[in-house]
Amino acid sequence: MRGSLACARAVVLLVLACLVWLGPAAAAESGRRVALVIGNGAYRHVPKLPNPPRDAEAVAAALKAVGFDVALVLDADESGMRKALQALEDRAQGAAIALVYFAGHGLEVDGTNYIVPVDAELARDTHVRDEAISLDRILDAVSQASTLRLVLLDACRNDPFTTRMVRTSATRSIGRGLARVEPDPATLVSFAAEAGSTADDGDGAHSPYAQALLDNIATPGLELNFVFRRINAEVRQATAGAQRPVYYGSLGKDEVYLVPAAPKPEPPPPPLPRIEDADRTLADQALTADMPLEELYWRTIRSSTRAEDFKGYLRRFPTGAHADLAEARVTALTRAAEVGALVPGGAEDHADKAALRQAAMDRIGRLPVNMIQYGLAALGFRLDTVSGVLDAQTRRAVRDYQGSVNTAQTGELTAQETVDLILAAAAAGDSRSETTLGFMTASGVGLERDYAVARAWLAKAAAQQEPYAYVNLAMLYRDGLGGSADKAKARTLFQEAVRHGVPEAQRALDDMDRAK
């Protein structure tokens with residue numbers, strides 16, 4: 001302790017004009033920040049204070065480090081302080097954040113808190129309003145900031161002025177410490193010590209409150225309420241419980257950050273699966289890789305036993321080359337009496353095909369969620385990230401998609417809706433969804449197994465340099481599925497996948513080398 005003249009300072013008053021950094025994408029996050037930092041220690045009519053200039057210089061450096069345009073003023077007289085506040089008022093025009101930090105003497109008279117310039121004498125209690133500066137004037141200076149206004153008063157409590165001040169009225173109160181405040185809504189006021197009590201200036205380079213402020217104010221991602229909680233705990237620990245910071249008011253229900261958290265690197269989405277369960281006894285003639293998307297879509301569903309597949313085609317290609325046939329099949333498949341005439345082989349063959357398709361639909365759960373998320377994003381349904389998890393943002397996007405196709409907005413896709421979604425995204429030219437369709441038609445997930453169709457979808461995705469399209473297409477060429485085997489083509493595709501960072505591709509190349 002430094003005796004009765006050693007003051008510890010600190011009133012922090014924050015006024016929030018509107019929303020302040022509500023999460024990672026707040027409006028003023030990239031806005032201009034201005035600050036005025038004043039440290040008054042060389043008082044002319046009372047003993048000097050050693051800490052305020054050091055505190056002010058340290059706070060100014062901390063604020064500059066987090067993007068503030070800082071004006072630093074040391075040992076300012078009354079005229080200098082008023083000019084500095086006027087200059088700040090001009091700089092605050094159009095700024096997102098305006099901040100004032102003051103370290104020095106402060107006092108309370110008749111319930112109003114004041115900060116004291118170095119030339120103030122304060123011989124009489126009536127002189128305080130003339131020679132000192134009220135919080136109201138400081139708040140006026142920062143009021144032009146659009147998002148957040150902060151006033152941090154690291155001001156002495158047990159000041160030497162009041163002990164020798166002439167009191168002109170017995171009813172005028174001059175308090176011990178600073179006065180309790182009743183903030184307006186969306187305003188937070190923090191004291192270094194409880195209202196009416198004094199605080200410690202400390203034995204170190206900074207007062208306990210100033211040091212705690214420096215330790216916490218620039219912490220990225222620390223919500224403002226927790227900034228003050230940490231300051232509170234640190235000051236109590238430093239003073240063995242003798243000093244108890246407190247704050248009044250509320251920031252409301254929204255989280256507020258002085259320094260936004262550094263964006264976390266987005267984890268890579270789960271890789272698209274390899275075609276590992278292929279029935280190597282099945283093969284089909286290859287389709288041309290340059291087949292138009294509409295033709296490939298039709299080729300994928302043309303033998304379907306489900307009217308919904310053809311409805312999906314009509315949604316995507318209402319005037320397409322196969323629109324008339326698709327409408328006829330929708331009609332026929334919804335009328336059980338006509339099914340036998342539609343499907344070669346009659347009703348029995350239809351039943352077999354329907355059973356195979358149902359088995360494929362039952363395997364739709366093997367489709368990773370990230371494939372669905374890619375499809376939603378490709379069709380314009382907003383997702384903040386591809387997480388690979390059926391989270392709230394994904395359910396919202398699913399509901400929006402379901403509304404667009406006039407199905408129940410449950411937030412969870414049925415097997416048929418999943419197939420329709422991936423088909424639509426692939427038909428829109430999304431390479432990831434084309435890769436997904438290659439996986440589905442090669443593995444019999446959601447759609448019947450058709451290696452020729454799988455080759456065509458994967459070839460389209462590979463043409464767009466989709467990494468997992470390379471490796472899946474390479475396996476089809478290697479094993480002669482969907483067309484003739486071509487080991488050289490497979491090797492080239494595996495090598496391309498390696499260049500695109502697919503670890504499975506290198507292992508496949510090693511296996512091919514060992515098999516020679």
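Trp298 is buried, with a relative accessible area of 7%. That value counts as buried because the cut-off is under 20%. Tyr313 is buried too, at a relative accessible area of 0%. This is a predicted model. Searching the whole structure turns up seven aromatic pairs.

**Trp298 and Tyr313**
- The ring centres of Trp298 and Tyr313 are 5.2 Å apart.
- Their planes meet at 65 degrees, so this pair is edge-to-face. The label follows because planes over 60 degrees apart count as edge-to-face.
- Trp298 belongs to helix H8 (residues 293-301), and Tyr313 belongs to helix H9 (residues 307-316).
- The pair therefore ties together parts that are 15 residues apart in sequence.

**A cluster of rings**
- Trp298 and Tyr313 are also members of a cluster linked by ring pairs.
- Tyr297, Phe310 and Phe317 belong to that cluster as well.

**Phe381 and Tyr401**
- The rings of Phe381 and Tyr401 have centres 5.8 Å apart.
- Their planes stand at 90 degrees, so the pair is edge-to-face.
- Phe381 sits in the loop between helix H13 (369-378) and helix H14 (392-404), while Tyr401 sits in helix H14.
- This pair therefore ties together parts that are 20 residues apart in sequence.
- Phe381 and Tyr401 are both buried.

**Arginines over rings**
- Arg229 lies over the face of Phe226, 4.5 Å from the ring centre.
- Arg455 lies over the face of Tyr477, 4.1 Å from the ring centre.

Conventions: Residues are numbered from 1 along each chain as its sequence is written. This is a predicted model: local features need pLDDT of at least 70, side-chain atom pairs count only at pLDDT 80 or more; totals for chains, interfaces and linings use all residues. Side-chain values use heavy atoms; hydrogens and water are left out. Rings of Phe, Tyr and Trp (its six-membered ring) pair if their centres lie within 6.5 Å; planes under 30 degrees apart count as stacked, over 60 as edge-to-face and the rest as tilted. Helices (H or I, at least four residues) and strands (E, at least two) are DSSP runs, numbered from the N terminus. Buried means under 20% relative accessible area, exposed over 50%, partly exposed in between (1.4 Å probe, protein chains only). A charge sits over a ring if NZ of Lys or CZ of Arg is within 6 Å of the ring centre and within 35 degrees of the ring normal.
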